[in-house]
Amino acid sequence: MTAGTIAEPAPGTAGTPRSTRARIARLVQRQGALVILVLAALSATAAFDSFGTQRNVTSIAVQVSFLAVVALGMTFVILTGGIDLSVGSVFALGGVLAAWGSQHGALVALLLPLAVCGAIGLVQGLIIARGGLPPFIVTLAGLLFARGLLLALTDEGSTTYKVPAGSAFRELAQGKLLGVNHSVWVVVVLFAVGGLVLHRTSYGSTVLAIGGQEDAADLMGLPVARTKIVAYVMSGLLAGLGGILIASYTSSGVTILGAGMELEAIAAVVLGGTLLTGGAGTVLGTLVGVLLLQVIKNVINQVGSLDSNWQAVVSGSILLLVVTLQRYLARVERR
Amino acid sequence: MTDLATTPPPPTRAQPVRRVDSDWVRRNGVYVALALLVAVNVVITDNFVDAGTLRLQLIQVVPVLIVALGMALVIGTEGIDLSVGAVMALAAAIIPLYVGYGASVAILVALLAGAASGTLAGTLVARVGVQPIVATLGIMVAGRGVANLMGGEIKTIREPSIVSLGTGSVLGIPYVVLIAAVVAVVVWFLVRRSTYGRQLVAIGGNARAAELAGLPVKRVLTTTYLVCGLLAALAGVLLAARSQASDPTKVGLLIELSAITAVVIGGTPLSGGQVRIVGTIAGALLMQLITATLIFHNIPDSTAQMVQAVIVIAAVYVQIGRRKAGS
């Protein structure tokens, strides 16, 4: 970067870009992950006979649904300029609560985790929005708290609750509609609703305004604190729902799940083109990010001879590659 | 510089007494909390005032402390480094792999790996312009994967010189504690007495202004992440030497979070522009002592984690919240 680019304003962030080159750069910058996703899926279909099969595609859809629902909540939090590190623990807690609750009926299995996880999100949101503490630290404490609560519920992690055989709760993720698991449909509907909320409601505009410039949003009289609190409640609820879905899918409350999930979710959101500083991004981008991470995992599984640790190496590298590309293209666009 | 920098803030809010108070708490709260917790332990914990107990506490704080010192520098530039845990695991995984060429070679390779990873993070942040949290998140995920690929399973380390590095002591002070002390002094010196330290703080305060003033912003940023990676690798080496084993799936897990908490509790603001080394040391000791206190009294892990969560929030509220909540 030369000294000239510093003083230059950034017209590319708003309004229409000037040249065709800039317009292409802008498109690729926004949709970089989508391009890589399509390329990865196409080459995987060509390379492995088993990749494109209906069974494998369904499997990807099911596997991706758990992270997707968590990343959806994370998208809103990040768009407000925050971050939620607690989602991995809350996800695991939601799963354990659902499995425990399923002994008392499907309704308890559904409502109990949502209530607890939503409450955790509410407390975090209150401390962040009203107390003015950094989201990073607050949700880190939330991570510890939720994990502690999970351990307390499971005799220090030694008990795994099972969903009773024949429970209607199992149907949630194991039952199928049109050959696709219910949980996948739930995620599809949630993303559609999430997209509408973000791009078509005043709440969504407020979220984007806060992430863009919080002080300005505050001066404009937007309900900054309330909007942030709602975002953290949503993130808690959706992380809990992710846990509910996986508990239904595995018929048990596995205590060790969710470690590192917050980072996967953040990676998916960033891959989807949402800025970590908040203010700009899309719900659909997040879905693309989640799918990309899952396709990478699936391809590495297909290769078979590769150690599963390559998944982490490739996912991390792709994340760095995409953000580097985004930065580079942003500069091209500015010229 | 002094004349320009000390322009008093406009007296819009006339509560000078309370402001001094909260500022004092922010600066010294960590020492008060540490002293209180030590005092409480002296009273309620059997055998707390015992050379063996204190020694063990010091040994156990070493990895977090060394990582936190590097983290303090990064946070001083208004950055963050999430990759430290993965870098620790990477360094620890390298030791058994290269120990056949001699202990010093293995340690050197491990430290170089940390420096390389830090340079990558620094380059991404300073030259490419990636946000620190994203750049180091990517390195964290990939780095842990590489460490697992290298290590695979738990490997024991029997090389005598590495074992003695981890377990030996001089005048009753373990080598690892001495090394951590030396690192702390060096980092303190860097921050307080070197040009680099002043540039770092200036950049953290206002990167744009620092760049316009002609400071080598990119070089200083890259160096800072390099130092952080190097220190994380050192922590990994020392941990591997002490435990005489390396388990890449476990080494350094969540240490980034403990380190960040130690730095913030120690009075370094996440918004950069200030680095408090002594506070960071006290913060690391405080975190260690909280964990130890809960273990001394057989508090189950579940309760311990919930208690820690509440303490972190309370401590940070005292550090930061009071100012913001009042405005």
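**View 1. B:Glu78 sits in a loop of chain B and is partly exposed.** This is a predicted model. The loop holding B:Glu78 runs between helix 3 (51-76) and helix 4 of chain B. Around B:Glu78, 18 other C-beta atoms lie within 10 Å. A residue with 20 or more would be buried, and one with 12 or fewer would be exposed. B:Glu78 therefore counts as partly exposed. Look at its backbone too: phi of B:Glu78 is near 70 degrees. That is a positive value in a residue other than glycine.

**View 2. B:Asn298 lies in another loop of chain B, between helix 13 (277-296) and helix 14 (301-326).** Is B:Asn298 buried or exposed? B:Asn298 has 7 other C-beta atoms within 10 Å, so it is exposed. Its phi is positive, at about 55 degrees, although B:Asn298 is not a glycine.

**View 3. Helix 4 (residues 84-98) of chain B packs against helix 12 (residues 255-265) of chain B.** The two axes are 7 Å apart. The angle between them is about 125 degrees. Helix 4 and helix 12 of chain B are therefore oblique to each other. Which residues meet here? Helix 4 of chain B brings B:Val84, B:Gly85 and B:Met88. Helix 12 of chain B brings B:Ile255, B:Glu256 and B:Ala259. By class, the residues of this contact between helix 4 and helix 12 of chain B are four nonpolar, one polar and one charged.

**View 4. Helix 12 of chain A packs against helix 13 (residues 283-303) of chain A.** The angle is about 120 degrees, and the axes are 7 Å apart. That angle makes helix 12 of chain A oblique to helix 13 of chain A. The crossing of these two helices of chain A is right-handed. From helix 12 of chain A, the contact uses A:Glu264, A:Ala267, A:Ala268, A:Val269 and A:Leu271. From helix 13 of chain A come A:Thr286, A:Gly289, A:Val290, A:Leu292 and A:Leu293. Seven residues of this contact between helix 12 and helix 13 of chain A are nonpolar, two are polar and one is charged.

**View 5. Helix 11 (residues 217-243) of chain B is mostly covered.** How many of its residues are buried? The count is 23 of 27. From first C-alpha to last, helix 11 of chain B reaches 39 Å. This is close to the 39 Å expected at 1.5 Å a residue. Just after helix 11 of chain B comes B:Gln244, with a positive phi of about 55 degrees.

**View 6. B:Thr123 is a residue of helix 5 (residues 103-128) of chain B.** B:Thr123 has 18 C-beta neighbours inside 10 Å, so it counts as partly exposed. Leave aside its neighbours within four places in sequence, and B:Thr123 is in contact with B:Val128 and B:Thr222. B:Gln308 is 185 residues from B:Thr123 along the chain, and their C-alpha atoms are separated by 35 Å.

**View 7. Chain A and chain B each give 39 residues to their contact.** On the side of chain A that touches chain B, the elements giving two or more residues are helix 6 (135-153), helix 12 (261-271) and helix 14 (309-334) of chain A. Which element gives the largest share of that side? Helix 6 of chain A does, with 13 residues. By class, the side of chain A that touches chain B has 25 nonpolar, 10 polar and four charged residues.

Conventions:
Residues numbered from 1 in each chain as written. Chains lettered and ligands numbered in written order. Predicted model: local features only at pLDDT ≥ 70, side-chain atom pairs only at ≥ 80, totals over all residues. Helix = DSSP H or I, 4+ residues; strand = E, 2+ residues; numbered from the N terminus. Expected span 1.5 Å × (residues − 1). Contact = placed C-beta atoms within 7 Å. Nonpolar A, V, L, I, M, F, W, Y, C, P; charged D, E, K, R; others polar. Axes fitted to C-alpha atoms, helices over the stretch in contact; angles between N-to-C directions. Parallel < 35°, antiparallel > 145°, perpendicular 65-115°, else oblique. Left-handed = near helix turned anticlockwise from the far one by under 90°.
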